[in-house]
Amino acid sequence: MDIVRAQRLGFNGARCHQKVFQPGSADFSHADALGFLCFAEYPDWPGGQSRRWSMGDEERYLSTMEREWPDTVDALHNHPSIIAWGMFNEMGPKNGWKFQNGPGGGFRNWGTPKKRKAAQEVYENLVVRVAKAIRSRDLQRRPIHDVSGWIHVPQSKPDVWSLHAYNQKPENLLKVLTEPHEKYVHGRAGQPLLVAEYGGVGLEDGGPLRQNPGGGQHGGPVGANGKNPPSFKIGYDGTPGLPKSAAAALQRIDDLTASIYSVESVAGFCYTQLYDVEYEKNGLLRYDRSAKRGLPLAALRKIF
């Protein structure tokens, strides 16, 4: 079980990232029994401008979100393992409205000032409306994590605040946490601060889809040109690039995590990620959940 594996690595919970488990599934029941703390989420990503809610189909997207989120709360609210609702993930331009940067070339490229203002209003109204819908249905009154990473919406009265930081140099991550740029904290009013995503330390250790053979049923996702990519991404390289060895990967994981633990204002963190997936080899475990060579479970547990 993934929950047991995560606990053996030292984790006490998880963001159930971008997923609503099927009704009647045992996932949250296992978490209840094992005392595993969960942020329940919804598969909204990518929801940014020029993606879903601003492609001329905003109202259908809005109505779907407002209909399905309350249904999700109704189905899940009796699980004591769920300690918060994670409404959205990485919404809006990556570096904020003011700093005009992010997917699609940056907010400044999203049309005229009038169109940008309208897009911002659509986004903020969506987050406020969904937050209201969730609060109206959750009898347990759980905290709401309005937007994990990127742009929070103070009008939605989020109960927790978060940022995503994939800095691969521990000193850079430490600076982000001790001297946060305004884009990370604009509008924050004392909410607990979570590093809701960090890590992404890539280590290739076999498993499916290690190198794409050039297509076919098991060749992986098809790109925009109709062809499969020649290989799959290994971690989030950044500066100083991918670790050269398993020992270097373990040391980087240790150093990044130690940076977070050294900042008393951080209330929690979520590492990316527990195991490799089809197109990202940044897991602590392999795709089949076996241990990676050079990443001993005991060493990882000591870190986390």
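This is a predicted model: local features need pLDDT of at least 70, side-chain atom pairs count only at pLDDT 80 or more; totals for chains, interfaces and linings use all residues.
Residues are numbered from 1 along each chain as its sequence is written, and side-chain values use heavy atoms, without hydrogens and water.

A search of the whole structure returned 0 disulfides, a disulfide being a pair of cysteine sulfur atoms within 2.5 Å. For C38, the nearest cysteine sulfur belongs to C16 and lies 4.1 Å away. C38 is buried, at 2% relative accessibility (buried, under 20% relative accessible area; exposed, over 50%; partly exposed, in between; 1.4 Å probe, protein chains only).

The largest nonpolar core comprises 62 residues, and W85, F88, L300 and F304 have the most contacts inside it. Such a core is a set of buried Ala, Val, Leu, Ile, Met, Phe, Trp, Tyr and Cys residues joined through side-chain atoms within 4.5 Å.

In total, 15 salt bridges were found, each defined as a side-chain nitrogen of Lys or Arg within 4 Å of a carboxyl oxygen of Asp or Glu. One of them pairs R289 with D2 at 3.0 Å, N to O. Both partners are partly exposed, R289 with a relative accessible area of 24% and D2 at 29%. A further salt bridge joins D288 and R286 at 3.6 Å, N to O. Through shared partners, D205, R286, D288 and R293 form one network of salt bridges.
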